[in-house]
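Here is a short briefing to read alongside the model. Have the viewer open and follow the points in order.

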Amino acid sequence: MNTLTAAASLAELEAFVRLRREIHSLPELGGDTPVTAQLVADKLASWGYEVHCGIGGHGLVGVLRKGTSTRSIGLRADMDALPMQEANPFAHASRIDGRMHACGHDGHTAILLAAAWRIAQSVEFDGTLNLIFQPDEEGLCGAKAMMDDGLFSRFPCDAIFALHNLPGVPVGTAIVQAGPTMAASQQVSIQIQGRGGHGAMPERSVDPFPVIASLINAIQTIKSRNLGVDEHAVISIGMVKAGTVYNIIPDTASMLLSVRTDTPATEQKINHRLEEIVRGHEQVYGVTITLETVQLAPALVNSEQQTRQVRQSLAPLFAPQALLSRGKKLMATEDFAWMLTEVPGCYFFLGNGEGEFHGCSVHNPHYDFNDELIGLGSDCWVRIVQDCLGD
Ligand SMILES: [Zn+2]
Ligand SMILES: [Zn+2]
């Protein structure tokens, strides 16, 4: 099917702009999104979707089946806000102190609801459409919680898709890139066990301070000496802790690192090198070192086939020069990456606008989602559904 059979009228879109602003004014945090989830569930149910709530907490799935085909796809939106104070003066600004929709997840939810409404009304397809609304994207726990609660065994999907707004890029521009798109994020904790003692008698201690000082320097060499120019990574030391007063050599010292990488191979290489550096320091300094790595989210890797599919579906909606296949490298992390480890799919960006207001970065107290994207974003979803599940 090649024509967009369900173009929304301006009045219809207005209703979704109001809905987006309503969600914006009542932000909910992390996995605690009962009001937003209920609002989404009520809308979907009223349009004929079979609604399954309480998946991995407040996650929910709206299912629409048409025809007899066993084909199925999933479209995902995130629903959570951020723990920060909104500085915008407009009427739909957050009514809850210390909470703000500063990443546009209010907009992503409104886009998917607008598409849900249009698809239920007037899009013919043959297969199953699963609309996935997840909490706690910012905490990088919501997707995993839904998957651990059987998301893809209960609602099998051949392919999954998600989008995010991108400030600083004009409205009417899409970035759809194959392969690694968002960074993996790990927290690494290093605990050095030495032997404490009197500051005046260092020969009777195993001092952890020279060890941690040396580690700080050695870790910098991973990026500068061990990775190639095309291997992207950020390694930042966020915490170093040791000691109490001037004349005690402490028993222990510890540090926490943030490691971000764009491919699993680079992540493995860094982890391997960290292991070597730590074990080397044990030998040289005679301490014991515990190295623990917690993977917060894997790298987000778009599959070739689904990326091609999205590009094809979006082609009629964007000028050829505004449908980009590569954007500026982002080392931010996205929870949807977990879902892509189970089901192939594509995560793409829509420009949120430029200038001081709509170009304002996400996670900034002056940010706001651009309502112009509701029509365009729902056009993208309608096209993708028509192309994946159409005749
Ligand atoms: Zn965010
Ligand atoms: Zn976000």
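Predicted model: local features only at pLDDT ≥ 70, side-chain atom pairs only at ≥ 80, totals over all residues.

The four donor atoms around the zinc ion (ligand 1) subtend angles of 53 to 151°, which makes the arrangement irregular. Residues are numbered from 1 along each chain as its sequence is written, chains are lettered from A and ligands numbered from 1 in the order in which they are written, and side-chain values use heavy atoms, with hydrogens and water left out.

**Zinc ion (ligand 1)**

- Its protein donors are Cys103 (SG), Glu138 (OE), Glu138 (OE) and His363 (NE2), at 2.0 to 2.7 Å; donors are N, O and S atoms within 2.8 Å of the metal (3.2 Å for Na, K and Ca), and sites may look incomplete because water is not among the atoms.
- Along the chain, these donors are spaced as C-x34-E-x224-H.
- Cys103 sits in the loop between β3 (72–78) and α3, and Glu138 in the loop between β4 (127–134) and α4 (142–148), so this pair ties together parts that are 35 residues apart in sequence. Helices (H or I, at least four residues) and strands (E, at least two) are DSSP runs, numbered from the N terminus.
- Cys103 counts as buried at 7% relative accessibility, whereas Glu138 is partly exposed with a relative accessible area of 23%. Buried means under 20% relative accessible area, exposed over 50%, and partly exposed in between (1.4 Å probe, protein chains only).

**Zinc ion (ligand 2)**

- Cys103 (SG), His105 (NE2) and His164 (NE2) coordinate the zinc ion (ligand 2) at 2.1 to 2.3 Å.
- The spacing of the donors here reads C-x1-H-x58-H.
- His105 belongs to helix α3 (residues 105–122) and His164 to strand β5 (residues 159–167), so the pair ties together parts that are 59 residues apart in sequence.
- Both of these histidines, His105 and His164, are buried.

**The bridge**

- Cys103 coordinates both the zinc ion (ligand 1) and the zinc ion (ligand 2), and the two ions lie 3.2 Å apart.

Notes:
Tetrahedral: all angles 85-135°; square planar, octahedral: opposite > 155°, others 65-115°.
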